[in-house]
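The following note sets out numbered points for a colleague who is examining this model. Please read each point alongside the sequence and the structure.

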Amino acid sequence: MLDVIIAGCGPAGAVLAAELRLHGVDVLVLEREAEPTTQFRVLSLHVRTLELLAMRGLLERFRERGRRRLVGDVFAGVPSSPPENLDSLYAYILGLRRQDIEHLLEEHASRLGARVRRGCEVTGFDQDEQGVSVELAGGERLRARYLVGCDGAHSTVRKLLGVGFPGEPARTETLTGEMEIGVPPEEVYDKVPKIRETTPRFGFRPLAEGIHTISIPTAGVTDRAEPPTLEEFRQRLTEVAGTDFGVHSPRWLSRFGDATRLAEHYRVGRVLLAGDAAHIHPPTGGQGLNVGVQDAFNLGWKLAAQIRGWAPEGLLDTYEAERRPVAEDVLSNTRAQMELTSPGAGPQALRRLLAQLMEFDEVNRFLTEKITALSVRYDFGDRHDAVGRRVPDIELDGDLLYDRMHQGRGLLLDRTGQLTVDGWSDRVELVADSRAAVEVPAVLVRPDGHIAWIGQDQQGLNEHLSRWFGRAAG
């Protein structure tokens, strides 16, 4: 019997597989598509996701293929400068092609020993107290201790599990794609700002090699799932801009609505949901992929702990308790952003007001940290404001804190030189550094980079080690 079957090898599924393999969990990933995506679409990796990649020693591989840009204009595209002194060594946005992101993450999971089977579609499953029996198209049956649905917005796993997916249907629709233009760039740059004054969701963004990303709202909402045609783009561009800009040679074309939905539960017994299988929302702010990857980092070590036998009671339930409120907030802020991109006089008045407010660094920082997930704080019941928040990467003696987290274990940063992790050393690494750039005596950090405890007494530390990492060995 396998330990875990993951349905879906998108970013969330690949990250989850890798996190489980760091703890020696036997993982099989089933991907419905027979071949990896060839989509050229450029996606954004936000600051918090870059931090998580740095924690696993992956960031440099992504930076080699990506393009950096400043952390500005992230909330509804309202013009803004990057906030001053954003608390991260990775305070930028990294744009990569979707195919590169998925390739790098799948390669990472495979290198760690995860098995990926393509052309395999989950069509059914049933669970009991010992595990989950999974049926594939074609009749093959597999058995695992746990099943995780990372199979997207139309998740088969979620539907078969009977978990509700309430929310709001799409009220608007946007065409988007990457293509070449047949007019001088100056003509585009002259027209676009004027059009955006009344149609904020209209956009041209230049990419490499003369390619532009183009977004344009439709006149209504359709129920068509297929991508739009180039002719549909040309027609809508002419209606809105008075010209089709001579667009041609599309790399990809797509349409999206502003539906928002959130799974009622992230776990039922031995079956769990992550990524778009658990939540969908408009892509404004570029949060979707990032939220799914962050789900996987939160779930991976907890599910591994359950399988390896050292999880304290209730640890796996904290996955839903922590991540579902984050998704609720993302749904809320994307709804707000979509309102701010509406063409009506009222929404545009609000947009102008917000642009003025974002000139205040405190407002700009609040919204930027929300979109980039730097402000996420899990409620651990501790009065110290830093507990539950992510730990920033800091300089140690000769390296960085995140360099010590590549193996997916917890970490105790001790400036006192008096604390130990005896009994938990197989799950938590001790880093004693009296000169570490933190203002507290000691910090206990979970494998996902969130602070679990701050203090200086061994008894308090032991209580929190037990809370998050189970009983001491021996």
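Contact, as used below, means heavy atoms within 4.5 Å. The model is a predicted one.

1. The nonpolar cores. The largest nonpolar core has 114 residues, and those with the most contacts inside it are Ile6 and Phe62. Helix α8, residues 288-308, provides the largest share of this core, 10 residues. Leaving aside residues up to four places away in sequence, Phe62 touches Leu45, Leu53, Leu94, Leu96, Ile101, Leu104 and Leu105. Another core, of 18 residues, lies apart from it, and Val188, Val192, Phe233 and Ala241 are among its members.

2. Helix α8. This helix has 21 residues, and from its first C-alpha to its last it reaches 30 Å, close to the 30 Å expected at 1.5 Å a residue. Of the 21 residues of α8, 19 are buried, so the helix is largely enclosed by the rest of the structure. Gly309 follows α8 and has a positive phi, near 95 degrees.

3. Helix α1. The buried residues are Pro11, Ala12, Gly13, Ala14, Val15, Leu16, Ala17, Ala18, Glu19 and Leu20. Their cover includes the strands β1 (2-7), β2 (27-31) and β9 (141-149), together with the helices α4 (98-111) and α8.

4. Strand β19. All of this strand is covered in the model: 5 of the 5 residues of β19 (residues 410-414) are buried. On one side these are Gly410, Leu412 and Asp414, and on the other Leu411 and Leu413, so that both faces of β19 are covered.

5. The partners of β19. Strand β20 (residues 428-432) pairs with β19 in the parallel sense over 5 bridges. Strand β21 (residues 442-445) runs antiparallel to β19 and is joined to β19 by 4 bridges. Asp414 stands opposite Ala432 in β20, and Asp414 also stands opposite Ala442 in β21.

6. The four-stranded sheet. An open sheet of 4 strands, with antiparallel pairing, has the order β12-β13-β11-β14. Its edge strands, each pairing on one side only, are β12 (203-206) and β14 (248-257). From one strand to the next the twist averages 15 degrees. Strand β11 (residues 173-180) and β14 run antiparallel and are joined by 7 bridges. Within this pair, Leu175 stands opposite Arg255 in β14.

7. Gly167. This residue is found in strand β10 (residues 167-168). Gly167 is partly exposed, with a relative accessible area of 42%. Not counting residues up to four places away in sequence, Gly167 touches Thr260 and Arg261. The C-alpha atoms of Gly167 and Asp397 are separated by 49 Å, and these two residues are 230 residues apart along the chain.

Conventions. Residues are numbered from 1 along each chain as its sequence is written. This is a predicted model: local features need pLDDT of at least 70, side-chain atom pairs count only at pLDDT 80 or more; totals for chains, interfaces and linings use all residues. Side-chain values use heavy atoms; hydrogens and water are left out. Two strands pair if DSSP finds at least two bridges between them. Helices (H or I, at least four residues) and strands (E, at least two) are DSSP runs, numbered from the N terminus. Axes are lines fitted to C-alpha atoms, for helices over the stretch in contact, and angles run from 0 to 180 degrees between N-to-C directions. Buried means under 20% relative accessible area, exposed over 50%, partly exposed in between (1.4 Å probe, protein chains only). A nonpolar core is a set of buried Ala, Val, Leu, Ile, Met, Phe, Trp, Tyr and Cys residues joined through side-chain atoms within 4.5 Å. The expected span of a helix is 1.5 Å times one less than its number of residues.
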